[in-house]
Amino acid sequence: MTIMPNANRPSPKRGVLDIAAYIPGKESVPGVAKVYKLSANETPLGPSPHAIEAYQAAAHRLGIYPDGQAKALKEAIAETQGLNPANIMCGNGSDELLSLLAQTYLAPGDEAVVTEHGFLLYKIQTIAAGATPVTVKEKDERVDVDAVLEAVTPRTRIVFIANPNNPTGTYLPFEEVRRLHAGLPRTVLLILDAAYAEYVRRNDYEAGVELVSSSENVVMTRTFSKIHGLPGLRIGWMYAPAHVIDAVDRVRGPFNLNGAAIAAGAAAIRDRAHVEMSVAFNDKWLRWLDAELTALGLRVTPSVGNFLLVHFPDDPEKSAEKADAYLTSKGYILRRIGAYGFPNALRLTVGPEEANRGVIAVLSDFLK
Ligand SMILES: *Cc1c(COP(=O)(O)O)cnc(C)c1O
């Protein structure tokens, strides 16, 4: 629906109606009973049983306000990650933290640098804050550090990088992140969104802890929605310099996390065995899917996350759109990602074993 400004009623501030609203992936298929949702990068293993127990116990505390500092959660994060709790802030999903950072640091006239295939939320939050997103080209579906640095102007206040990125699954080795940081003015905030950090098994990857600790202009955001399997509870956290925590805390809603999320999140991050099992499961099936898709003749962007970007042939009969319709009719929901600059690709989340095998069988049929 297109809403036009109207002189006879309240209008949103400038920019809001330019935002293309974020469209989440499909969840169900009318007429298909058994559906595999492989479109939202959810873990097939779900959350730790301890997290579910903690959530259920929180049902007895619904009559009281949650702890506005989310102390139990911050402490669990700090302990397991070896960080100072004073440098941690929790959010209602990392989405909220990205939004708070944009609200805190961006004003009309300011610019935020985002990348061509970067997570769409950065652009949305930038425009919502009244500022201007500046989109830079990527190289081989990966962030191009030189292009990002060239895009920086005196108006730049934030650079948003997802590392690894969604929907490409590619990552920047830490040396490249360091080079990016070294080239930025000290007044520019570098936001490293490491939503998939736990999944990465590469010696040259670092989520950003060291860079946050050793500088005044880097923030790392993390989430409980991916490896911890709690997207339904909306929990994210960021690790940031004290002056950033102080500023954002003034903008943050006083009870931004609910009590059940605080309790379940703390239990989830303490269950290291569950995290390790989830990483191992993903590693095995990510490789398997990559090999099988490649064997089918499809180009797959090398991914370090829990999803794969699958490119379809130029043949209009074998396009991503046609593949999506066919997969959907068989109960396999993947993610179309035209909005990210990939009109002829689909994003596939690693699913349970039967879904992974099933999706390959259906695609094999489709490509015949
Ligand atoms: C899934 C995802 C997030 C997590 O968002 P939440 O609000 O914590 O659920 C953040 N960034 C990227 C790039 C993601 O893919």
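1. Asn41 sits in the loop that runs between strand 1 (36–37) and helix 1 (49–57). Helices (H or I, at least four residues) and strands (E, at least two) are DSSP runs, numbered from the N terminus. The phi angle of Asn41 is near 55°, a positive value in a residue that is not glycine.

2. On the basis of the note: this is a predicted model, in which local features need pLDDT of at least 70 and side-chain atom pairs count only at pLDDT 80 or more, while totals for chains, interfaces and linings use all residues. Residues are numbered from 1 along each chain as its sequence is written, and side-chain values use heavy atoms, with hydrogens and water left out.

3. The chain splits into domain 1 (16–46 + 273–367) and domain 2 (49–270), with bounds from an automatic or database domain assignment. Their contact (heavy atoms within 4.5 Å) takes 31 residues from domain 1 and 30 residues from domain 2. The C-alpha centres of the two domains are 25 Å apart.

4. About 2,600 Å² is buried between domain 1 and domain 2, and carbon and sulfur atoms give 66% of that area. Buried area here is the accessible area (1.4 Å probe) that two parts lose on being put together, summed over both. Of the area that domain 1 buries against domain 2, Ile19, Val304 and Tyr340 supply 27%, more than any other three residues.

5. The rule finds 2 salt bridges across the interface of domain 1 and domain 2; a salt bridge is a side-chain nitrogen of Lys or Arg within 4 Å of a carboxyl oxygen of Asp or Glu. The side chains of Glu141 and Arg299 form a salt bridge, at 2.9 Å from N to O.

6. A backbone N or O atom of Ser94 is 2.7 Å from a ligand oxygen atom. For Asp95, a polar side-chain atom lies 2.9 Å from an oxygen atom of the ligand. In the side chain of Arg234, an N or O atom is 2.6 Å from an oxygen atom of the ligand.

7. Two cis peptide bonds deserve a look. One runs from Asn163 to Pro164, with omega near -5°, and Pro164 is in the loop between strand 5 (156–162) and helix 6 (174–183). Another joins Asn166 and Pro167, with omega about 15°; Pro167 is also placed in the loop between strand 5 and helix 6.

Technical notes. Polar contact = N/O pair within 3.5 Å; in protein donor to acceptor, adjacent residues only side chain to side chain.
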